[in-house]
Each structure stands twice: as C-alpha cells, then as structure tokens.
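The points below are meant for someone opening this entry for the first time.

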Amino acid sequence: MVFPMDALRLIRNRVSQEDFNRLSRIDNPKLFQFIAEYIKLCNPETIFVCTDAPEDRHYIREEAIRTAEERSLAIPGHTVHFDGYYDQGRDRKNTRFLLPEGVDLGPSLNSIDKQKGLKEINTILKNIMKGQKMYVLFFSLGPSGSEFSIPCVQLTDSTYVAHSEQLLYRPGYEEFVRLGRSDRFFKFVHSQGELENSVSKNIKDRRVFIDTEEDIVYSMNTQYGGNTIGLKKLAMRLGISLASKEGWLTEHMFIMGVRGPNNRVTYFSGAFPSLCGKTATAMLENETIVGDDIAYLRKKDGTIRAANAEKGIFGIIQGVNSIDDPVLWEALNSPGEIVFSNVLVTEGGFPYWMGKDGEVPERGINHAGEWRPGKRDARGVEIKPSHANARFTLGIEVLRTVDKEVHNPEGVPIGGIVYGGRDSDTCVPVEESFDWVHGIITKGACLESETTAATLGKEGVRRYDPMSNLDFLSIPIARYIQDNLNFGKGLKTCPVIFSANYFLKDSNGNFLNSKSDKKVWFKWMELRVHREVEAVETPTGLVPRYKDLKSLFRKVLNKDYSEESYNKQFALRVEKNLAKIDRMMNIYKKIPDTPDILFKVLKEQKKRLEKVRNRK
C-alpha cells in the first residue's frame with residue numbers, strides 16, 4: 001500500500017516533469033494515492049496524463065493507430081478495433097463484487113470475499129503493464145458542474161479504451177481541478193494484459209471486479225468494451241450503489257424527446273436489454289435523442305428530471321440499415337470520429353456488418369483474421385463476416401437528431417417511462433400501467449427478455465431482468481425495487497409508465513410488428529402522457545383504441561392499419577400472462593425482503609386475468 005505522504009514522491013519519480021505538473025494542478029491527496037498505488041503495482045514503463053486539451057485528446061487517437069489497437073478505414077475519421085475471438089461479450093461469470101465479511105447482496109449478484117478478491121487482483125495486476133504505457137484520464141459522468149455529475153479517473157494501458165472513453169464521456173480534468181479535495185469520485189483500473197496478435201492473450205485470467213465501498217472497478221486481460229470501458233456499465237454498478245445511498249436513481253435507460261402536436265416535445269426514458277431496440281428507439285427519425293443507454297434520475301420541484309451519464313454511444317451495429325435506421329445510417333457513412341469493433345473490413349477499407357445494405361463481401365478481415373464465406377473455427381462453427389455483438393462508438397453530436405438540451409446541467413423533465421424486452425408470446429406491443437406502483441412492479445420489476453448475443457452464453461432463453469438492470473445491480477434486488485417504488489412518492493407530476501414489445505410473434509413464428517411500428521407506439525404514448533386520447537382497460541393495463549392507432553399509422557407511417565392486425569397484436573394472452581405471474585411470484589418468493597406490495601399487485605392482476613378466463 002502506498003501511504004498519502006509517499007504518493008506524490010512515487011509519482012514524481014515515475015512521470016515526466018510535464019505530466020507531474022499536470023497532476024499537481026489538482027489538489028487531491030486521495031487521487032494521488034490511488035494513482036501511485038497502481039503505478040507501483042502495474043509497473044508501466046511510461047505514463048501519460050491526459051488533460052482536457054484538444055492536443056492531448058488528439059494524441060490518444062494517434063496512439064490508438066500507432067499501437068495497432070485501431071486501424072484506419074476508408075472514410076476519414078473512421079477506425080476499426082478487433083477483440084479476441086473469445087472476448088466478444090460481457091463476462092458475467094468473472095464479473096464480481098468485492099464484499100467484506102458479513103455483507104450479502106443476494107443470490108443473483110455474483111460476489112467474492114473482498115480480501116480474497118483483492119489478493120487475486122493484486123496477483124494478476126502485478127507488473128501487468130511492464131513495458132507498456134499507462135494512460136491517466138479524467139472524465140465526468142453527467143453534465144459537468146451539475147448535481148448530476150460524478151468525476152472519474154481511469155487508468156488503462158489500452159489506447160482503444162482511452163479513445164472510446166473520449167468519445168463517450170465528457171472531459172473531467174478541469175472538474176477535478178475545480179473540486180479540489182473532494183473524495184466523491186469513481187476510480188477505474190484496466191489492463192488488457194499481454195497481447196498476442198494485438199488481442200488479449202490470457203483471457204483465462206479475465207476478471208472484472210467491483211468495489212462499491214471504495215468506488216473502484218478493476219478490469220484485466222480483456223479488451224471487449226463492455227468489460228473494459230470503465231465508465232459505462234461498470235460505472236453503472238457504482239452509480240446504482242451511490243444513488244441508493246443518496247436518494248436518486250441510476251438506470252439502464254435512454255432519454256429521448258417525442259414530438260407532439262404544436263411542436264410540443266415530451267421526454268421519455270426507457271429501459272430495454274441489449275439487442276431489444278433500445279438504441280434504435282432513441283434515434284427515431286423526427287424525434288430527438290438525449291442519450292441511449294444510462295440515465296441519472298433525480299427529483300426536483302415535484303418532477304423527475306433525467307440527464308445522460310454519457311455524451312456518446314457504444315451501440316450494437318447488427319441490423320443497422322438505411323431504411324430502419326436512417327439517422328444512425330447517415331452518421332455511420334459520413335466522415336467523423338467513429339470506432340467500429342468486430343465488423344468485417346472489406347478490401348476497400350469499408351466496414352461491413354450483418355444486416356447492412358448491399359451484398360455480403362466475398363472476402364475481408366474480421367475478428368478471426370482473413371475471412372471468406374464458409375470459414376469455420378476450430379470447433380467447426382461457421383464464422384459470420386461480422387460478429388453478432390459488433391459495435392460502433394461515436395460522439396452523440398454527430399447525430400442530426402441530437403436534442404438541444406443534451407448537456408443541460410438541470411437535465412430534462414420526464415413525462416413517460418418505458419420498459420421493453422424481447423418477448424415473443426406474451427406482452428402486447430404497447431401498454432400503459434394503471435399507476436406508478438403498478439408500472440414499477442408489473443412493467444419494470446417483472447420485465448422478461450429473451451437472451452441475445454450481447455452476453456456470453458446461449459441465445460433465446462427467457463430471462464427475468466428487472467428494469468433491464470439485473471446484470472448491473474450492486475445492491476440487493478429487493479432494495480432496488482423499493483428504491484424505485486419510493487422514487488414515485490411526493491411527485492407533483494408523476495411520469496406515466498408503459499411497456500413496449502417489438503418482438504411479438506404469431507403461432508408460425510412470424511413477427512406481428514414491423515420495425516417502423518415503434519414510431520406509432522411512441523406517438524400514442526406521447527398523447528397518453530397528456531391525456532389527449534382515451535385507452536381500453538384490460539386486466540394488465542391500458543392499451544390503445546383501434547381508431548387512434550389507425551389514425552396514427554396513416555399520419556406517422558402513411559400506411560393502412562387493419563383491424564385484423566390490431567386484434568392479433570393486442571389480444572389478451574390470458575394463459576401466457578398467468579404463467580408469467582406464476583414465474584415472477586416464484587422468483588420473488590426466493591428473494592429476501594421483497595416488498596409485500598409486489599405480491600399484492602401481482603395477486604390482484606392474477607385475479608383480474610382469472611376473471612376474464614372464467615367468463616369464456
């Protein structure tokens with residue numbers, strides 16, 4: 001351990017005079033102790049301290065090319081990064097919380113004894129950066145200088161991680177200078193470890209450990225952004241813990257503005273698991289985007305206001321095309337700073353991803369090396385041209401639909417909250433809850449979704465995912481649900497809670513929705529927030545009237561909407577809903593301290609459904 005009095009001395013001996021001068025502008029002994037601790041442990045050959053200056057940020061971009069962690073593409077500003085073949089998704093198994101003796105976060109949260117975990121971390125990190133350069137970077141989660149902001153310091157030896165975070169987060173060096181000795185900041189240590197062919201070699205020692213007591217995240221022997229870009233989902237765990245202590249919410253939510261009559265803009269936040277349409281929804285054409293992934297929610301003057309923790313997007317690119325995603329398509333095909341990961345690169349230097357417009361190229365380079373159609377891996381599995389979890393990273397300012405309030409230090413007022421998942425047979429395309437408590441429980445706490453390629457493991461498995469946040473919780477589930485229930489108390493203007501489902505299928509496995517239908521569902525939700533259309537009451541919530549949807553389909557999409565389609569989409573699937581309630585009841589009966597109100601609300605919904613069934 002490095003003691004405070006020794007920290008500056010150690011740093012002075014390891015960094016250049018210029019870099020030491022940069023650090024010495026910050027009057028924060030706790031920060032110096034953290035940096036010194038991991039310089040000593042990781043033992044880098046050189047260290048670069050990055051300020052908010054444009055030339056420093058440019059240096060990081062140039063280093064990403066020099067180190068071959070990124071390669072330039074044909075369109076100016078575009079680069080590509082490849083992760084290792086078996087390092088392509090969040091590693092749930094090796095993502096753990098460091099918990100002191102006697103602390104239990106519940107059975108669904110992966111944890112390890114803190115002292116045992118720290119011993120393992122220190123063993124793996126010992127000299128892990130030997131011969132490499134450590135980058136010391138400062139960022140701000142949330143708008144700088146506001147009550148939403150959380151300063152962060154990142155230590156990494158990966159230029160890809162450093163560059164990605166520059167695109168995704170607001171600069172924070174001057175924020176640290178301004179705040180001085182404040183100890184309210186998040187800390188991140190990452191090393192990609194030994195490289196082989198420019199990818200992490202020792203993935204058997206891949207670890208992502210989280211310490212919510214000290215607000216530190218450790219990540220090692222991995223390059224995939226979901227495991228390494230510390231300020232994203234890793235910081236989200238720290239944020240959930242901090243929010244619970246301070247009385248606000250950190251949520252896995254987009255923030256978007258939906259245009260209503262007379263140029264009115266109503267802001268929505270929405271929680272969708274990965275590959276369930278979250279980013280595509282946040283980028284709907286003719287609407288506005290504030291953020292696509294992580295939202296901080298606070299109560300202010302009787303309303304809920306939300307701010308985007310980020311300023312960029314690390315999104316799944318599979319299926320992005322010019323018809324369904326015109327806003328994103330335009331950005332991805334225009335000059336500007338964008339990092340693609342795990343796509344196919346054609347001989348002409350253009351990225352190709354699954355679902356992109358045009359024919360599949362005949363050859364190229366991807367995460368498996370040189371690629372041709374029919375190529376198989378060592379297990380005989382066919383290698384697709386682009387990985388199903390291929391990504392893009394860009395700054396939100398390159399989108400033409402970016403909302404003018406994106407950096408508002410006060411956030412934006414939330415009129416509606418939407419919970420959505422990948423559900424083939426139960427939930428209707430859009431439905432409004434009866435009230436805040438009913439919505440938090442039946443739409444949020446009981447959210448289910450079928451698994452996708454965004455996580456390691458089998459796809460297509462129905463998985464319960466409360467508020468689309470199960471993977472990222474750092475507090476017990478029961479406490480998290482109670483925090484959400486409490487958050488709705490005492491509001492003068494309470495957001496309306498909805499569910500959305502873009503993946504409903506018929507008995508033959510055909511989708512009952514087109515991708516563009518979501519534009520109509522959100523226009524209907526916007527009108528419902530202002531109570532400008534009526535709704536049909538069902539045992540599970542409030543659904544649109546056919547005549548309102550018919551009008552909206554014509555107005556928004558310029559197409560007919562048949563009553564037959566309406567009846568198929570909004571049919572009440574009684575048995576499926578009853579089965580879901582039974583699944584949820586069984587799950588929550590096993591979770592200690594689950595709020596009693598959850599069981600009460602579910603039992604009431606079950607009775608309403610049984611009453612309908614018994615009438616048939």
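1. Two strands count as paired here if DSSP finds at least two bridges between them. The model is predicted. The link from β32 to β33 is a hairpin of two residues. Within this pair, E537 has L542 of β33 as its bridge partner.

2. Next, the sheet. Five strands make up an open sheet with mixed pairing, in the order β2-β3-β21-β26-β20. Its edges are β2 (71-72) and β20 (312-316), each of which pairs on one side only. Strands in a sheet pair through backbone hydrogen bonds, and the sense may be parallel or antiparallel.

3. At one end of that order, β2 and β3 are antiparallel and share two bridges. R71 lies opposite V80 of β3. A hairpin with five residues between the strands is formed by β2 and β3, and G77 in its turn has a positive phi of about 90°.

4. β3 also pairs with β21, this time in the parallel sense, over four bridges. V80 has F340 as its bridge partner in β21. Which way do the side chains of β3 point? H78 and V80 point one way, T79 and H81 point the other way, and all of them are buried.

5. Further along the sheet, strand β21 (residues 338-341) and strand β26 (residues 391-395) run antiparallel and are joined by four bridges. Here I338 faces L394 of β26. Helix α6 (residues 159-168) packs on the sheet and touches β3 (78-81), β20, β21 and β26. The direction of α6 makes about 50° with that of β26.

6. Helix α12 (residues 436-445) packs with helix α13 (residues 477-487) at an angle of about 145°, and their axes are 9 Å apart. The crossing of α12 and α13 is right-handed. On the α12 side the contact is made by W436, V437, I440, I441 and A445, and on the α13 side by I481, N484, L485 and F487. Sorted by class, the contact between α12 and α13 has eight nonpolar residues, one polar residue and no charged ones.

7. In soluble globular proteins, nonpolar side chains tend to be buried together. The largest nonpolar core in this model has 145 residues, and L141, L332, F340 and W521 have the most contacts inside it. A separate core has 39 residues, including I11, L41, I121 and F209. With neighbours within four places in sequence left aside, the contacts of W521 are P429, V430, Y502, N513, L549, F553, Y561, Q569 and F570.

8. The last point concerns M256, which sits in strand β15 (residues 254-259). Is M256 buried or exposed? M256 has a relative accessible area of 0%, and because buried means under 20%, M256 is buried. The C-alpha atoms of M256 and Y267 are 5.6 Å from each other, although the two residues are 11 residues apart along the chain. Y267 is also one of the contacts of M256 once neighbours within four places in sequence are left aside. Others in that list include T266, F268, A282, L284, V290 and F522.

Conventions. Residues numbered from 1 in each chain as written. Predicted model: local features only at pLDDT ≥ 70, side-chain atom pairs only at ≥ 80, totals over all residues. Heavy atoms only, no water. Axes fitted to C-alpha atoms, helices over the stretch in contact; angles between N-to-C directions. Left-handed = near helix turned anticlockwise from the far one by under 90°. Contact = heavy atoms within 4.5 Å. Nonpolar A, V, L, I, M, F, W, Y, C, P; charged D, E, K, R; others polar. Core = buried A, V, L, I, M, F, W, Y, C linked by side-chain atoms within 4.5 Å. Buried < 20%, exposed > 50% of the residue type's maximum accessible area, 1.4 Å probe, protein only.
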